Amino acid sequence: MNLGINKHAYSVATHDWMRHLNPSLKLSEITIPGTHCSATYNFDDSMNHLKHQNFTLLEQLHDGIRFLDIELACTHPEDYTLSVIHDRYHCQINFEQVLLTCKNFLNRNPTEFVCIQIVQRETKFYNFKRNFMHHLEEFLTDGDKTYYYEGDKNTALSDLRGKIVFFNHCANISEVGIPCKNDQNEYSNHLDQTFRILPTHSNTETSEQVHSMKKLLNEASTTENDTMYISYNCVKTHSETETPYDLAWGNGLTRYPVMNKSLAIILDNLPKHPARLGVVLLDYYRNMDNNGFNVTKTLIELNLRYKI
């Protein structure tokens with residue numbers, strides 16, 4: 001694996017960190033920080049048990065996040081609207097706003113790419129494919145130029161810069177994106193692209209998920225192949241009195257290991273040289289008080305470490 005690291009790039013600015021990477025690196029060879037349920041930042045206090053983020057999509061991108069987890073549904077039968085939802089609740093943002101946020105960010109930072117994981121949620125309206133393709137043509141196409149990766153394979157960074165890369169979980173859309181699933185631990189798609197995935201389960205305790213994270217991240221960092229690793233550093237809440245923030249950072253009373261602090265320990269014990277971990281999805285990637293451990297920056301710098 002030819003990482004081609006510029007050692008002077010260590011401790012980089014987060015808004016354009018990919019400019020320091022070797023353009024021949026494949027997508028599967030990069031450590032990519034992501035957010036789980038990326039658009040839930042608008043939920044109010046009454047929905048804290050469903051709220052997974054506290055910064056807007058644009059703030060996430062400026063902070064170095066390069067993988068967004070977006071659930072979509074057709075909620076208006078008469079038009080092309082695609083609503084961003086979570087657990088049947090509208091996130092007060094639609095897909096058009098997601099795409100334009102990413103497009104405008106990429107125009108200002110052309111060395112970057114942004115992955116969007118798209119998941120279709122069932123509704124009684126069946127215009128999802130029509131509406132999705134309309135969005136690509138209307139908002140991500142300017143003449144002969146497209147702002148999304150039109151291929152479906154694991155490819156080099158040079159092919160992805162300035163683009164949105166869709167990770168496609170929608171069975172009825174085969175034309176766009178890298179086909180993948182998030183409910184299996186290991187599988188290969190029809191293109192023979194292998195995925196190793198640590199999903200989030202409703203019956204998983206944090207201690208079990210931390211153990212699984214450590215195991216999969218160690219595998220990813222020590223194995224040189226084209227496997228795409230996707231790890232969810234989060235677990236589902238067990239009740240409305242327990243919040244994703246509690247599970248990510250603790251609440252002062254938490255006795256179980258919390259996910260983001262545990263991840264910090266795992267990352268600190270990785271070898272002090274460039275390490276690919278694949279995609280790592282986070283709940284509340286930064287503390288509420290904005291002074292907490294910056295997990296995102298540590299993940300970014302794994303791409304840039306060098307042997308002393």
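In strand β4, His-90 is the bridge partner of Ile-85. Helices (H or I, at least four residues) and strands (E, at least two) are DSSP runs here, numbered from the N terminus. Two strands pair if DSSP finds at least two bridges between them. The model is predicted: local features need pLDDT of at least 70, side-chain atom pairs count only at pLDDT 80 or more, and totals for chains, interfaces and linings use all residues. Residues are numbered from 1 along each chain as its sequence is written, and side-chain values use heavy atoms, with hydrogens and water left out.

Stay with β3. This strand pairs with β2 as well, antiparallel, over 2 bridges. Leu-72 stands opposite Val-84 in β3. In a regular strand the side chains alternate between the two faces of the sheet. Strand β3 (residues 83-86) is covered on both faces. Ser-83 and Ile-85 are buried on one side, Val-84 and His-86 on the other. Buried means under 20% relative accessible area, exposed over 50%, and partly exposed in between (1.4 Å probe, protein chains only).

Now the turn. The hairpin of β3 and β4 has 2 residues between the strands, and there Asp-87 takes a positive phi near 50°. Most residues other than glycine have a negative phi. Gln-92 is another residue with a positive phi, of about 60°, although it is not a glycine. Gln-92 sits in strand β4. At 55% relative accessibility, Gln-92 counts as exposed. Cys-37 also has a positive phi, of about 50°, and is not a glycine. Its place is the loop between β1 (32-35) and α1 (57-62). Cys-37 is buried, at a relative accessible area of 5%.

Next comes the interior. A nonpolar core is a set of buried Ala, Val, Leu, Ile, Met, Phe, Trp, Tyr and Cys residues joined through side-chain atoms within 4.5 Å. The largest one has 60 residues. Leu-72, Phe-95, Ile-116, Phe-132, Ile-164 and Phe-166 have the most contacts inside it. Helix α2 gives the most to this core, with 6 residues. Apart from this core lies another, of 29 residues, among them Leu-21, Ile-32, Tyr-187 and Met-228.

What does Phe-166 contact, leaving aside neighbours within four places in sequence? Contact means heavy atoms within 4.5 Å. The partners of Phe-166 include Phe-95, Leu-99, Ile-116, Phe-132 and Leu-136. Gly-177 is one of them too. Gly-177 is found in the loop between β8 and β9 (178-179). This glycine is buried, with a relative accessible area of 6%. Besides Phe-166, Gly-177 touches Gly-151, Asp-152 and Asn-168, not counting residues up to four places away in sequence. The C-alpha atoms of Gly-177 and Ile-164 are separated by 9.3 Å, and the two residues are 13 apart along the chain.

The arc is that of the directions from the helix axis to the C-beta atoms. Helix α3 (residues 128-139) has 12 residues and reaches 16 Å from its first C-alpha to its last, close to the 16 Å expected. The expected span is 1.5 Å times one less than the number of residues.

Helix α5 (residues 206-222) has 17 residues and reaches 24 Å from first C-alpha to last, close to the 24 Å expected. Which of its residues are buried? They are Thr-206, Gln-209, Val-210, Met-213, Leu-216, Leu-217, Ala-220 and Ser-221. Their arc around the axis is only 140°, which puts them on the same side of α5. The face turned away from that buried side carries the exposed residues His-211, Lys-215 and Thr-222. The buried residues pack against β11 (194-198), β12 (228-233), α6 (244-249), α7 (259-268) and β13 (279-282).

End with Thr-206, in helix α5. Thr-206 is buried, with a relative accessible area of 3%. Its side chain reaches the backbone oxygen of Pro-257 at 2.7 Å. Leaving aside neighbours within four places in sequence, Thr-206 is also in contact with Val-235, Leu-247, Tyr-256 and Met-259.

Definitions and conventions
A polar contact is a pair of N or O atoms within 3.5 Å; within protein, one must be able to donate a hydrogen and the other to accept it, and residues adjacent in sequence count only if both atoms are side-chain atoms.
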